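Here are my notes for you, point by point. Keep the model open while you read.

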Amino acid sequence: MKEQVQAEIRTLSDKLDALTHKEPLLLESGDAEKLGELLKEKDKLIAEIERLRGVREEKLSKEAQQLKQLPFSRAITKKEQANLGALKKSVRGIVVVHPMTALGREMGLSEMTGFAKKAF
């Protein structure tokens, strides 16, 4: 679902970019009717892109809220990061969030953090 929303945003942004490049040509030609249609289409695309971005942010927010509700979280040490597979096997249900991912940026993390139901 998240990839589908992202792909749709990308497609609409490409269409908006194409319309933006056509705008100066229509201004030069003086075709007011086509220019009006182009501006209406541009407004529709901008509104749809904003709506989809809101959907994406809402989805991230739900995931962030679920992680923050888990009873235990702490930073992952460099030694644990080196062998993340072993950590994930030893701690059932752990979710590791990197600060450079969209979720990590949204949560305001400064270091790789693990969230779990039990202490680890």
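1. Start with the largest nonpolar core, which has eleven residues: Val-5, Ile-9, Leu-12, Leu-16, Leu-19, Leu-26, Leu-35, Leu-38, Leu-45, Ile-49 and Leu-52. A nonpolar core here is a set of buried Ala, Val, Leu, Ile, Met, Phe, Trp, Tyr and Cys residues joined through side-chain atoms within 4.5 Å. Buried means under 20% relative accessible area, exposed is over 50%, and partly exposed lies in between (1.4 Å probe, protein chains only).

2. Before going on, some ground rules: this is a predicted model, where local features need pLDDT of at least 70 and side-chain atom pairs count only at pLDDT 80 or more, while totals for chains, interfaces and linings use all residues. Residues are numbered from 1 along each chain as its sequence is written, and side-chain values use heavy atoms, leaving out hydrogens and water.

3. Who supplies the core? Helix H1 (2-29) and helix H2 (32-69) each provide at least two of its residues, and H1 gives the most, with six. Helices (H or I, at least four residues) and strands (E, at least two) are DSSP runs, numbered from the N terminus. Zoom in on Leu-12: leaving aside residues up to four places away in sequence, Leu-12 touches Leu-45, Glu-48, Ile-49 and Leu-52, with contact meaning heavy atoms within 4.5 Å.

4. Now look at Arg-51, also in helix H2. Lys-79, in helix H3 (residues 78-82), is exposed, at 74%.

5. Next, the sheet. Three strands make an open sheet in the order E1-E3-E2, with antiparallel pairing; two strands pair if DSSP finds at least two bridges between them. Strand E1 (72-75) and strand E2 (95-97) are the edges, each pairing on one side only. Three bridges join E2 to strand E3 (residues 113-116), and Val-96 has Gly-114 in E3 as its bridge partner.

6. Last, the aromatics: a search of the whole structure finds one aromatic pair. Rings of Phe, Tyr and Trp (its six-membered ring) pair if their centres lie within 6.5 Å; planes under 30 degrees apart count as stacked, over 60 as edge-to-face and the rest as tilted. The rings of Phe-72 and Phe-120 have centres 5.3 Å apart and planes at 80 degrees, so this pair is edge-to-face. Phe-72 sits in strand E1 and Phe-120 in the segment after E3, 48 residues apart. Phe-72 is partly exposed, with a relative accessible area of 25%.
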